[in-house]
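Me: I am new to this structure. Please take one part of it and look at it closely. Start with the whole chain for context.

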Amino acid sequence: MGLKEAVIRSYNGEADRARVEDLERRCEVGPTERVYLFTDTMGDPICRIRNSPMHKMLVAELNNQLVGVIQGSIKLVTFHNTPPKDHESNLARVGYILGLRVSPLHRRKGIGSRLVCRLQEWFVANDVDYSYMATEKDNEASVRLFIEKFGYIKFRTPAILVNPVRCRPCHVSSNIEIAKLKVEEAEFLYRKYMSSTEFFPHDIDKVLGNKLSLGTWVAYPRGEFGNFGSNGQVLPKSWAMISVWNSGEVFKLRLGKAPFSCLLYAKSWRLMDKFLPCLKLLPSMPDFFNPFGFYFMYGVYHEGPLSGKLVRNLCHFVHNMASTTTKNCRCKVVVTEVGGCDSVLRHHIPHWKLLSCSEDLWCIKVMKRKEADRISVHELTKTQQTNKALFVDPREV
Ligand SMILES: CC(C)(COP(=O)(O)OP(=O)(O)OC[C@H]1O[C@@H](n2cnc3c(N)ncnc32)[C@H](O)[C@@H]1OP(=O)(O)O)[C@@H](O)C(=O)NCCC(=O)NCCS
């Protein structure tokens, strides 16, 4: 008698919720040699895709056991790196694959591959041009599955920057003006200045208008005139813009399998805080071992000679906003993801190397081969060295 095959079907919240969360816990993804942050979906495993315009979650079931899961979303983004000939030619439908997990006891039996196949079929049925996924570059199983088995190719390596939120406020320069924009003003600026950025979402208005988006702020030198309104053509020579997404409202983070040295470090730091409060100059280390909320900064844009400093001050401003969150939804880190080549942003966005990931690996695959005008992905990877920014959609964090 042949071995039974896992059944792949759509996720059913009522029946699968607890079992998917249990599977997630058994599959903690992350390198063993360094600290990483684990996602805690707090009873709602579909939360990471719920805000995307089209989404799907599949599960694999074998002998009544839930043994695998995968999630995907579809949206329209700016894709080609060439200047737009007409408005539509710069847009592509992209499918994003995330949250692939197979129970440790059922690995290397083709379940992961079948889940990817079924999700790709959903992409094809929904007219997706390109499928992409992100992984730790040293996750060998995932890299080999997507690259060797499914023909994905390495595409971009953005950096995930994580900054802990301390109790004490960060300094915001009095020479800098920071102003909150209305959603329509933010949309106007994003469409004007960032719509040619790779992966810029066509439905930016939906992102900015989502209840999880806390707002968009601009910074510019005090005394300079800034008209950021929808008809505003006069902008300061240097300015920067950041939007903030309250990711902690959707899911929490906690430190996963921290190496002993880190645990020791955190513990001694807390003891010092408790018994030697006079050492006020030391930034206190937050407790990362229980689930905590976080803010995600997205749509970071900067222009002009002083813009690096403006970005840094905006980050301090967001840090201070995060530090005032209440105990219940305490926000303990501020996270952002920037294109691999954007050295200005990497330099000016405050972050802890220990918690950050310098190279998140994005892999991509062409799903629609027939259309003659589709740029080849090999050509796209050649543009890796250009100084292009990347728009990381907060709905996909
Ligand atoms: C990655 C993962 C989903 C693979 O699931 P799986 O059911 O074992 O995958 P498959 O059996 O379909 O393997 C397909 C191919 O992937 C590659 N692969 C899978 N596991 C591998 C491993 N541990 N080491 C090296 N290659 C591996 C192989 O090329 C394999 O083909 P082969 O078995 O013919 O050699 C599973 O290991 C897992 O859940 N890991 C933890 C979570 C994770 O890392 N998810 C990916 C995040 S994007």
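Among contacts in the chain between residues at least 6 apart in sequence, what percentage join residues at least 24 apart? Then go to strand S14: are its residues buried or exposed?

Reply: This is a predicted model, where local features need pLDDT of at least 70, side-chain atom pairs count only at pLDDT 80 or more, and totals for chains, interfaces and linings use all residues. Residues are numbered from 1 along each chain as its sequence is written.

Contacts come first. The share is 80%, among contacts between residues at least 6 apart in sequence. A contact means two C-beta atoms, placed from the backbone, within 7 Å. The chain has 9 helices and 15 strands. These are DSSP runs, numbered from the N terminus: helices are H or I, at least four residues, and strands are E, at least two. Of the chain's 397 residues, 37% are buried. Buried means 20 or more other C-beta atoms, placed from the backbone, within 10 Å of the residue's own; exposed means 12 or fewer, and partly exposed lies in between.

Now S14. The strand covers residues 331-338. It is largely enclosed by the rest of the structure, because 8 of its 8 residues are buried.

Next, its partners. Two strands pair if DSSP finds at least two bridges between them. Strand S8 (residues 159-164) runs antiparallel to S14, with 6 bridges joining them. Here Pro 164 has Val 333 of S14 as its bridge partner. Strand S13 (residues 293-303) runs parallel to S14, and 5 bridges join these two. Val 334 in S14 stands opposite Tyr 295.
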